[in-house]
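The structure is shown first.

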Amino acid sequence: MRKRLHTLLTLGATVFTVFLPELVRAAGPAAEMLIVVADSRRVSAGWGRYFVDSYNTNPLWFGLEVTIITALMGVTLGLITDQIMKRIGIDLTSRKIVEH
Amino acid sequence: MKKRFCLYYISCVLTLIFLVTPALAAEVAQGKTVTNDTKTKSITIEEYDINFTPQNKYGNPTGKTMVFDLSEALIGKEAVPGDIVRIAYKVVDGKNKVIRIMNVTRQDIMKK
Amino acid sequence: MLEWYTMYMPISGVDIFWPGLVLIGFSVGCIGGFFGMGGAWMVTPGLNILGFPMAFAIGTDIAHIAGKSMISTFRHSKFGNVDYKLGCIMIIGTVIGIEIGAQVVMWLERLGTIGPVVRWVYVGLLALICIMVFYDYYKANKKKKAGDVGEHGAEGITWYKTLHRIKIPPMVHFKTAGFTCSAWLPIMVSFLTGILAGFLGIGGGLIRMPALVYLIGCPTHIAVGTDLFEVMISGLYGTFTYGAKGRIEIYAVFVMLMGAAIGAQIGTVATKYAKGYGIRIAFGLAVLACMVSIILKQYGFNTSATVLILGAVGSICVYICWIMFSGAAKELREKKAASH
């Protein structure tokens, strides 16, 4: 039954994704783009200002920056917390992988 | 394990190099549209300050007007006189060249 | 406006209740670590309820998934459970799918209907998760009463056998996973998952995992690893495309990742000490609460929606933390006693 539910979920998702573009098309013609300008006047100089400035100037660059920094931050935080756990003395290496 | 750490540090260093490349800086101005000429592609606004209050959530008028060149700008919803706009611009040869312009009044994305 | 508990988000221009942000990040880490299943389903609605515009909520969610999945993929690749060939072929479908999903989001944003549309799709998705969790519990209970403790029953759906017979070139052999099929099969699966992931700002494991097992015919342990690899790819590409579209609030990503890193450790450790099926019920209730709070938000009851969602995820976190601390304390005590 769980399998059947999984299949149901998969099927539902498939139907939804197939018809989604159609749904949007039916909704009407495209309206104007929404442009967002970040208010850098409210951000003092530093890292925050750097991000806001690149956001306002070059979105593609901003996208690249965010991707790389997020990935590195994830790895860094993961390594740090792993170390902390090891110091405390909780053994994480022997655990079973529990997925689902 | 060592190899992975090496890779990790190399990528960290590369990121730092990548980040100290010339910073992209743009000025930002916000204010009420006075005129918006689509033919000459220029917009005049009355600048607002950043003293936001519940009564004036877009800031208070400073009385100063600024003229911007929209020829290379990324424009969303067209601004009509009276709209509050927020503009990211660069000063090139004494001209305020707009990079992108946001129509704060008409695209209240906060509500969605 | 500038009370201590609000933080100005410079890009979306909203003031956000930041403890709520930390709590959501922490809970996602905690619940994700404990159940091994994303947990991103609560981030988009959660961020939207806290006050982010919907497109920003989706973009920020996907960016935080990218950060979180990096580390779990690193951990998992150690066990050799990833079929990289399959993963790489699936990248094609995933990337195109994510892009389409993101484009649809931007389109709906222009039309001004993004909020309600995404919220109702989420309500549907969470309802399905809810049914799955509660049905599982019901079934396990019934089995226990009947005295049946055997492992999974006979092999159920074997659609992949039929699907493997479709021989549209190029045919590819996957060594780690151990089967041969048309390359179009994984590409189509990842494409459809990608659209959903890009549209809802989730990792997509919820759909991709069963699809890998039942439609593609991956052994479960390979499916888990390959799915994680794919979540990482979809997170990274999603981050890039939503960043380029200007719909990521980078401050919020940082704040949430901090919470998630700590939460994930607590969650994974807690799995060591967890016993019984009761926690599943708590999980199902959290999903239910999340669903109700989305509906509340849709009808404009912002404060009650915030209280409900934060309360629900907060209490399940407290539960998991309690399992972890009591279990860990016991283990450390026993270690000490053994060394004396």
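How many residues of chain B are in contact with residues of chain A? There are 23 of chain B, in contact with 20 of chain A; two residues are in contact if their C-beta atoms, placed from the backbone, lie within 7 Å.

## Model and numbering

This is a predicted model, in which local features need pLDDT of at least 70 and side-chain atom pairs count only at pLDDT 80 or more, while totals for chains, interfaces and linings use all residues. Residues are numbered from 1 along each chain as its sequence is written, with chains lettered from A and ligands numbered from 1 in the order in which they are written.

## Chain B against chain A

On the side of chain B that touches chain A, the elements giving two or more residues are helix H1 (2-19) and strands S1 (27-37), S5 (84-92) and S6 (95-103) of chain B. Helices (H or I, at least four residues) and strands (E, at least two) are DSSP runs, numbered from the N terminus. That side of chain B has 15 nonpolar, five polar and three charged residues. Ala, Val, Leu, Ile, Met, Phe, Trp, Tyr, Cys and Pro count as nonpolar, Asp, Glu, Lys and Arg as charged, and the others, Gly among them, as polar.

Helix H3 (residues 59-88) of chain A packs with helix H9 (residues 220-244) of chain C at an angle of about 145°, their axes 7 Å apart. Axes are lines fitted to C-alpha atoms, for helices over the stretch in contact, and angles run from 0 to 180 degrees between N-to-C directions. The residues making the contact include A:Phe62, A:Val66 and A:Thr70 of H3(A) and C:Leu236, C:Phe240 and C:Ala244 of H9(C). By class, nine are nonpolar, six polar and none charged.

## C:Ile248

C:Ile248 lies in the loop between H9 and H10 of chain C. It counts as buried because it has 33 C-beta neighbours inside 10 Å; the cut-offs are 20 or more other C-beta atoms within 10 Å for buried, 12 or fewer for exposed, and partly exposed in between. Beyond four places in sequence, the contacts of C:Ile248 include A:Val66, C:Gly59 and C:Val253. The C-alpha atoms of C:Ile248 and C:Ser12 are separated by 8.4 Å, with the two residues 236 apart along the chain.

## Chain C overall

Chain C has 12 helices and four strands, and 54% of its 340 residues count as buried. Its C-alpha atoms fill a box of roughly 65 × 60 × 40 Å, taken along the principal axes.
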